Amino acid sequence: MRTLRNLQGPALTLALLCALWLIVIVGLLALKPSVFNLGTVTTILQFSTILALVGLGQGMVILAGGTGIDLSVGGAVSLSAIIALLSLKLGLPPVLLPAVCILTGAMLGALNGLLVNGLALLPFIATLGTFFVYSGVALAVTGGAAQSGVPGWLLVWGRGVVAGIPVPFLTLAIPCFALAGLALMATAWGRWIYAMGFNERSARLVGIPVDRVRFILYALSGALAGAAGLVSLAWLGSGRPNIGQNLELESLTAAMLGGIAITGGRGGVGGVFAAVLLLVTLKTGLLQLNINTVWQVGIVGALLVFVLLADRLSQRWRS
Amino acid sequence: MSAVRQSGSGVFSMNGREWSLLVACLLAIAIFSVASPHYATQGNAVTVLRNSIELLLIGLGMTLLLAMGGVDVSIGIVMGLAAIAIGRILGADGSPFVALVAGPLVGALLGCVTAAVVVLGRVPAIVGTLGLLGVYRTAVFALLGGQWLSGLPSSLNDLLATTVLGIPVPALVIAVAYLIVWLALRRTPYGLHLLAIGNSEEKARLSGIPVIKVRFLTFVISGVLTGIAATFYVATYRNVETSIGSTSALDAIAAVILGGTSILGGRCSLLGTVLGVLLLRILQNGLLLIGVPSLWQPVVTGVLIIGVLGFEAVSNRLPLTRFQRAPA
């Protein structure tokens, strides 16, 4: 008990998340022992890839403070996948598909950054607006129909499995998290992000280029959403205009659950990674128990509210 | 300062923003009348007004929330839950008068839940209500069991489709709601406190304003107005669909922002919201009639929000720099 009390910040978050994760797994095993085999693990990691990429961008934007939030991530995932596929139909060489997908996402994110930085709009209003624009355009352009035409070699990457681990998870999600964690811990940019999240005014006074960092983070969040769109294409083999549905809620929950403070400046990406695995395990488990998918959004939402309230309560206890 | 000046104006006195909204409405009507032969008919005008009823009521509450620096993205689904409660009472052949009370009551209860999370839990409104949105959506699905609640008796409609002294009941209810909210905002300490919190919650707290009480009350007021909106919804359509209210929150936020209420706080226009709702509904209806698929509607609404705010940001900046350059 004393060791648990001595744990602080990220270590405490990770310990609690692991405990929660074990509870979920034990609970599922008790309800349905056949749930967990290698196939389920692969499925969980496959689902995790998309949420991990989006959650990483969301987490970084929130970490930088200034009431930062990116509600448009789900729309950016859908729209970048759709735009990439449609430009393929307009004669783009298939080799460029991954680049176009990620670049489109980066541009959608940069638009958010421009609205938040250049026009000084409140992040939640600006990205709420772009969320409806992005997801709406993705739906309206396709008429809601899934788009085909994903090249075969992309499917090989997207559906490949090495030792039970999906290739996109291995080659995209893990490197992205490792790079982000390294950048946050060991580079000046990473420390700047914490500094401006903790106290923006003093960050400006010591000469940190707050606006530039924030713009880049929004663009990065968009680029990661584009990468998530690419994973969805490579895995599902088609571009679904509603693939990003509910991702804004799930990525927020992952970031909050992962120990990132909603006010910024506190938390790390390791927690987000653990939170993504926990969330997807929970969702997959519920799916295996034949519980209707509409319950997922409610459970994720309840989890978000619970985490936020628990964070406030624990702060009150400490002070 | 601005709050004090605004409190001197009358119920329907209009500022520049509201005049330009009115002009925009008339302009849109003129353009659509030329573009589509089905537009300028009495039936269509009634449709547009009919479709505005719920959004007008929800918009009044959203105006208060945004002026206070809050927001509620779950408000559309709150309307859905209230509508389900009303529908269940009507479906069980309950008295329409019980049904009339049920809407505002459920709205107030859910407003209390939202306020408990956001105000008492001190959670940012956007994140807290987004979480509740997920919970409420699942609740709607669970309560409806994936089916529409349909074929409800017309007893509520018989009650609300009548006229009193030649004025339709919905118009009367909206006018009364508008008047009450206007009086609360401009003639009571509550209104001043609300605008002060919108300007700076910290300063409001330090100057002794009961911040928690005012914020809690505002979420409940918004819930009650949404419950009334749900009553009109059920009375008119006599069914509750699973996707009820999915765009209401966005539409309401767009209408409030169009109306000139500042989300940075301290500036608030109820008449602007009313005109914003009408403009939004005129645009949505007109675009549909000239053949734009309804899938584009959220895109148009989102572009309106960003466009209006972006235009405000740019135009606020220009005079300021000119003013600063001018010699004293």
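In this predicted model, helix α5(A) passes helix α6(A) in a right-handed crossing. Two packed helices are described by the angle between their axes and the distance between the axes. Here α5, residues 97–118 of chain A, and α6, residues 123–142 of chain A, pack at an angle of about 145°, and their axes lie 9 Å apart. On the side of α5(A), the contact is made by A:Leu108, A:Leu111, A:Asn112, A:Leu115 and A:Val116, which meet A:Pro123, A:Ala126, A:Thr127, A:Thr130 and A:Tyr134 of α6(A). Sorted by class, the residues of this contact are seven nonpolar and three polar, with no charged residue among them.

The C-alpha trace of chain B spans about 70 × 50 × 40 Å along its principal axes, and 47% of the 328 residues of the chain count as buried. Among the contacts in chain B with a separation of 6 or more, 80% are accounted for by residues 24 or more positions apart.

The two chains also touch one another, with 33 residues of chain B in contact with 33 residues of chain A. On the chain B side, the elements that give two or more residues are α6 (125–144) and α14 (297–325) of chain B, and the largest share, 13 residues, comes from α6(B). This side of chain B divides into 23 nonpolar, eight polar and two charged residues.

Terms used:
Residues numbered from 1 in each chain as written. Chains lettered and ligands numbered in written order. Predicted model: local features only at pLDDT ≥ 70, side-chain atom pairs only at ≥ 80, totals over all residues. Contact = placed C-beta atoms within 7 Å. Helix = DSSP H or I, 4+ residues; strand = E, 2+ residues; numbered from the N terminus. Nonpolar A, V, L, I, M, F, W, Y, C, P; charged D, E, K, R; others polar. Axes fitted to C-alpha atoms, helices over the stretch in contact; angles between N-to-C directions. Left-handed = near helix turned anticlockwise from the far one by under 90°. Buried ≥ 20, exposed ≤ 12 C-beta atoms within 10 Å, placed from the backbone.
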